[in-house]
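User: Got a model here with a ligand in it. Can you walk me through the site and the pockets?

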Amino acid sequence: MTSPVRWHHFPDAAAVADETVRRVLAAAKLAIVQRGVFRVVLAGGSTPERAYRQLAESDAEWPCWQIYLGDERCLPPGDAARNSRMIEQAWLRRSSIRDDQVHWIPAERGAEQGARDYESVIAPILPFDLVLLGMGEDGHTASLFPGHRHPQTALVVPVSDAPKPPANRISMNFSALQQSREMLLLITGAGKREAVRRWRKDEALPVASLECPAGIDVLIDHDATG
Ligand code: 6PG
């Protein structure tokens, strides 16, 4: 299965954030009308932060949201470098979303134990309605890095020697990420240009291994396109 990749070009990161928010709220509305619940996987890193800040100002049927995370850094809870902390600061602490609607990766338990525990959290609720992802300058996505091998059947994997600090992480695997009704990949900034060029040249980067039955929508700004 090779999923269609749809590229959507925007002038800058602000426009990418606006479009991200529009699509997230639209996906939520549809899922809640059809199934009464919206299960969304959030991305870490810095690129989605602006969109999270805007979601904090947005209206939606928040009690119907269930929030998951694509990857996490094995740091103590509340550590400033945790993806969960960034999302709490940018959005959740300013929202009416209850703690029991948020399913963080228990990365404080260590990569192995945390991955096992999170697999048992997501396995019963698949598929997701929407998966948000970023991409690194080496073409990694979530914490799925070039040259790393993971058992295909594992939904969540421990990562021990990540080239992007911290080295120890936990990541949803391709097998989990692809079980989604929608997938949005956010790419901004000149630093991503080379990885985009290599991906479009069909190099076997992790980002190129992403699959989604409905296709993958890439929201990319001018700087990253070059
Ligand atoms: C992480 C992320 C990672 C991120 C990319 C892009 O924990 O670091 O989940 O996959 O999405 O590295 O990071 P930026 O958005 O900061 O460029």
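User: Which residues are closest to the ligand?
Analyst: Ser46, Thr47, Asp71, His140 and Ala142 are the closest of the 15 residues that surround the ligand. Near means a heavy atom within 4 Å of the molecule. This is a predicted model: local features need pLDDT of at least 70, side-chain atom pairs count only at pLDDT 80 or more, and totals for chains, interfaces and linings use all residues. Numbering runs from 1 along each chain as its sequence is written, and side-chain values use heavy atoms, with hydrogens and water left out.

User: How does that shell divide by class?
Analyst: Two nonpolar, eight polar and five charged. Asp, Glu, Lys and Arg count as charged; Ala, Val, Leu, Ile, Met, Phe, Trp, Tyr, Cys and Pro as nonpolar; the others, Gly among them, as polar.

User: What is the distance from the ligand to the side chain of Ser46?
Analyst: 2.6 Å, from a ligand oxygen to an N or O atom of the Ser46 side chain. A polar side-chain atom of His140 is 2.7 Å from a ligand oxygen. For Lys192, a side-chain N or O atom is also 2.7 Å from an oxygen of the ligand.

User: How much of the ligand does the protein bury?
Analyst: 91% of the 420 Å² that the ligand exposes when taken alone. Those areas are Shrake-Rupley values with a 1.4 Å probe.

User: Which pocket is the ligand in?
Analyst: The second largest pocket. A pocket is an open set of points on a 1 Å grid over the protein atoms alone, where a 1.4 Å probe fits, with protein on both sides within 12 Å along at least five of seven lines; lining residues have an atom within 4 Å of a point.

User: What lines it?
Analyst: 22 residues, with Gly44, Gly45, Gly134, His140 and Lys164 nearest the centre of the second largest pocket. Strands S4 (71-73) and S6 (130-133) each give two or more residues to that lining. Strands here are DSSP E runs of at least two residues, and helices are H or I runs of at least four.

User: And what lines the largest pocket?
Analyst: 19 residues, including His148, Arg149 and Asn173.

User: Backbone now. Where is Ala142, and what is its phi?
Analyst: Ala142 is in the loop between S6 and S7. Its phi is near 45°, positive in a residue other than glycine. Most residues other than glycine have a negative phi.

User: Which bond joins Leu126 and Pro127?
Analyst: A cis peptide bond, with omega about 0°. Pro127 lies in the loop between helix H4 (111-122) and S6. Pro165 to Pro166 is cis too, omega near 0°.

Methods:
A polar contact is a pair of N or O atoms within 3.5 Å; within protein, one must be able to donate a hydrogen and the other to accept it, and residues adjacent in sequence count only if both atoms are side-chain atoms. A molecule sits in a cavity or pocket if more than half of its atoms lie within 2 Å of its grid points.
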